[in-house]
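Please find below my comments on the structure under review. They are set out as numbered points, each of which may be read beside the sequence and the coordinates.

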Amino acid sequence: PIYQIRTEVKNMEQNLNPVTSISEWTAFLTFIVAFCALISPILTALCNNWHQREMKRLEYKHQEREELKKREREIYDGYLRSAGAVLQYKTPETLRDFGEHSRLAMYYVPTDIREKMLLFEKLIENAYPNDCCFAQRANLLDDIVVMMRDIREQQSEQSQQQSNKADTSS
């Protein structure tokens, strides 16, 4: 009977602890380490690729914004140069140059500036080189210049805020 009780106790201990030997624990830990060694480089590569793709997207977006700002600046500068030239010397050449830049600039400016630009054009059409409306045309062109500068400053501030947001979110 005592032998039988000891055997039953051993059987119960084996049922309670199915992984009892040290070699089984070692094999299990070795498997876990090997699995992690295989998965870790894969996960690292995936994270790096995602980060590089996101940085490239931000770089392209920034480059596109800069090119658009440069193009608009060239358009505004061309308009202002040609408007100043036609204001001072109304010749067929300055009128042609002004017409080219005027239409292109009107495409990019807000409505309130566009209205002033159209008024300036009407005043230029009816102008003679030294008439009494020169001061009115010059003041109107000055207003247009200030409004365009304000637009560029607002765009510059907005792009700076967007780039700051992109820097903090990365």
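1. Two residues are taken to be in contact when heavy atoms lie within 4.5 Å. On that basis, among contacts in the protein chain with a separation of 6 or more, 61% join residues 24 or more positions apart. The model is a predicted one, and the comments that follow should be read accordingly.

2. Overall composition. The protein chain holds five helices and zero strands, giving the pattern α-α-α-α-α along the sequence. The chain has 170 residues, of which 18% count as buried.

3. Packing of α2 against α3. Helix α2 spans residues 22-88 and helix α3 spans residues 92-108; their axes come within 8 Å and cross at roughly 140 degrees. The crossing of α2 past α3 is left-handed. On the α2 side, the contact is formed by Arg71, Glu72, Ile75, Tyr76, Gly78, Tyr79, Ser82, Ala83, Ala85 and Val86. On the α3 side, the contributing residues are Thr94, Leu95, Asp97, Phe98, His101, Ser102, Leu104, Ala105 and Tyr108.

4. Ser102. When neighbours within four places in sequence are set aside, Ser102 is in contact with Tyr79, Met117 and Glu121. Tyr79 also belongs to the α2 side of the contact between α2 and α3.

5. Aromatic pairs. The search of the whole structure returns four aromatic pairs. One of them is formed by Phe31 and Phe35, with ring centres 6.4 Å apart and planes at 25 degrees. This pair is classed as stacked because planes under 30 degrees apart meet that description. Phe31 and Phe35 lie four residues apart in helix α2, and are therefore separated by about one helical turn. Phe31 is exposed, at a relative accessible area of 54%, whereas Phe35 is partly exposed, at 47%.

6. A further ring pair. Tyr107 and Tyr108 have ring centres 5.1 Å apart and planes at 85 degrees, so the pair is edge-to-face. Tyr107 is exposed, with a relative accessible area of 65%, while Tyr108 is partly exposed, with 23%. Tyr108 is also one of the α3 residues that make the contact with α2.

7. Aromatic cluster. Which residues form one aromatic cluster? They are Tyr79, Phe98 and Phe120.

8. Cysteines. How many disulfides does the count give? The count comes to zero, a disulfide being a pair of cysteine sulfur atoms within 2.5 Å. Cys36 is partly exposed, at 43% relative accessibility, and Cys47 is exposed, at a relative accessible area of 52%.

9. Arg114. This residue is placed in helix α4, residues 111-125, and is partly exposed, with a relative accessible area of 27%. Residues up to four places away in sequence aside, Arg114 touches Met106, Tyr107 and Val109. Tyr107 is thus mentioned again here, having been described above as paired edge-to-face with Tyr108. Arg114 and Ile144 are 30 residues apart along the chain, and their C-alpha atoms are separated by 9.0 Å.

Notes. Residues numbered from 1 in each chain as written. Predicted model: local features only at pLDDT ≥ 70, side-chain atom pairs only at ≥ 80, totals over all residues. Heavy atoms only, no water. Axes fitted to C-alpha atoms, helices over the stretch in contact; angles between N-to-C directions. Helix = DSSP H or I, 4+ residues; strand = E, 2+ residues; numbered from the N terminus. Left-handed = near helix turned anticlockwise from the far one by under 90°. Phe/Tyr/Trp six-rings, centres within 6.5 Å; stacked < 30°, edge-to-face > 60°. Buried < 20%, exposed > 50% of the residue type's maximum accessible area, 1.4 Å probe, protein only.
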